[in-house]
Amino acid sequence: MRTAGALVRHEVRLLVSLVLWVGRRRHGTGDGGHAFGYARGQGATMFAFAFVCVVETVAMFVLLRSWPIVHWTVFVLDVYTIEFVIGLHAASVVRPHVLDLNSRSLRVRYAAHVDLRIPLEKISTVRRELRTTHQRTEGELSLAIGSQTTITLELTEPVAHFTFFGRRRDIRLVRFHADDADALVRSLRAVMPERTAPPPHQGLPS
C-alpha cells in the first residue's frame, strides 16, 4: 500500500505541475521566496525524448490497427509515456530551488521526486563546485541534472530526507544543480548566519 500511495502522489504532483506549467506559474515560491531554476540543462534532452515517443506512438498506432486490443493497449501506454516525460520536465520547471527568507531555509528540489528543506543555520559551507561523477555515499544526497551538479552544501548537522518510497536518510552533504549557480551561492552567503572561527592557537611564550 505504501508503494501504491507513493506512486499515486507522484502522479498527482506531475499532473499539477503540468497545469502550473501551462499557466506559467511556479509552486512553493510564495512571499519572500527567491526561485532558482535548474531545468535549463535538460530541456532539449527531454523534448527530444518526447518527440521520439510521439513518433513511436504514431508508428505503433498504424502498425497495430489490425489487432484492436493490442492496438489500444499500446496506444494508451504510449500516451502515458509522453505525458510522463513532459510532466517530469514541467515539474522541474515549476518546482525550482527556493531560498525562503521568511522561514530562513533553502528548499532544494528535483522535479516531483525531491523536496528537501534545509534551515540556513544548519548550512556550514556553500561552494560552487562542478562535479560530473557521483557515487552513492551514506549521508550524501546528489541531485544531478544532465549528469552534473554545480553547488555543494556541507551541513553542521544532519537533516532528514525521505526517499521516493518513504525511507529516511540523514543527510550531511548535498550536491545539486542550478542554472545560475553563482547567483545562488552569492545569495546564500549573503543570508547565512555568520560563523565565528575559533581563535588561532598561540604557543606558550619561551
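Predicted model: local features only at pLDDT ≥ 70, side-chain atom pairs only at ≥ 80, totals over all residues.
Trainee: Why does Q42 count as buried?

Mentor: The relative accessibility of Q42 is 11%. Buried means under 20% relative accessible area. Q42 therefore counts as buried at its value of 11%.

Trainee: Where is Q42 found, and which residues does Q42 touch?

Mentor: Q42 is found in the loop between strand 1 and helix 2. Leaving out residues up to four places away in sequence, Q42 touches H89, S92 and I145.

Trainee: Why is R24 called exposed?

Mentor: Exposed means over 50% relative accessible area. R24 has a relative accessible area of 80%, so R24 is exposed. R24 lies in the loop between helix 1 and strand 1. Its phi is positive, at about 55°, although R24 is not a glycine.

Trainee: What makes S147 exposed?

Mentor: The relative accessible area of S147 is 52%. The cut-off for exposed is over 50%, and S147 is therefore exposed at 52%. S147 lies in the loop between strand 6 and strand 7. Phi of S147 is near 65°, a positive value in a residue other than glycine.

Trainee: Why does T125 count as partly exposed?

Mentor: Buried requires under 20% and exposed requires over 50%, with partly exposed in between. T125 has 32% relative accessibility, so T125 counts as partly exposed. Its place is in strand 5.

Trainee: How do you know that T125 touches E154, given that they are 29 residues apart in sequence?

Mentor: Contact means heavy atoms within 4.5 Å. T125 touches T152, L153 and E154, not counting residues up to four places away in sequence. The distance of 5.2 Å between T125 and E154 runs from C-alpha to C-alpha, whereas contact is judged on heavy atoms.

Trainee: What makes the buried residues of helix 2 line one face of the helix?

Mentor: The buried residues in helix 2 are G43, M46, A50, C53 and T57. Seen down the axis, they fall within an arc of 85°, so they line one face of the helix. On the other side of helix 2, A44, T45, F51 and L63 are exposed. The buried residues of helix 2 pack against helix 3, residues 68–94.

Trainee: Which residues of the largest nonpolar core touch the most other members?

Mentor: The largest nonpolar core has 27 residues, and L106, I151, L153, F176 and L188 touch the most other members. Elements that each supply at least two residues of this core include strand 3, strand 5, strand 7 and helix 4. Helix 4 gives the most, with six residues. Apart from this core lies another, of eight residues, among them A50, V85, L88 and A91.

Trainee: Which residues are buried in helix 4, and what do they pack against?

Mentor: In helix 4, A181, A183, L184, V185, L188 and V191 are buried. They pack against strand 1, strand 2, strand 3, strand 5, strand 7 and strand 8.

Trainee: What makes a space a cavity rather than a pocket?

Mentor: A cavity is a set of points where a 1.4 Å probe fits but cannot get out, whereas a pocket is an open set. The structure holds one cavity of 30 Å³ or more. The largest cavity is lined by W21, M46, F47, A50, V85, I86 and H89. Helix 2 and helix 3 each supply at least two residues of that lining.

Trainee: What volume does the largest pocket have, and which residues lie nearest its centre?

Mentor: The volume of the largest pocket is about 300 Å³. Its lining has 17 residues, of which R13, H113, V114, D115 and F162 lie nearest the centre. Helix 1, strand 4 and strand 7 each supply at least two residues of this lining.

Technical notes
Residues numbered from 1 in each chain as written. Heavy atoms only, no water. Core = buried A, V, L, I, M, F, W, Y, C linked by side-chain atoms within 4.5 Å. Buried < 20%, exposed > 50% of the residue type's maximum accessible area, 1.4 Å probe, protein only. Helix = DSSP H or I, 4+ residues; strand = E, 2+ residues; numbered from the N terminus. Arc of directions from axis to C-beta. 1 Å grid on protein atoms, 1.4 Å probe; cavity = no way out; pocket = protein on both sides within 12 Å on 5 of 7 lines; lining within 4 Å. Points joined across faces, edges and corners; volume = space filled by probe spheres on them.
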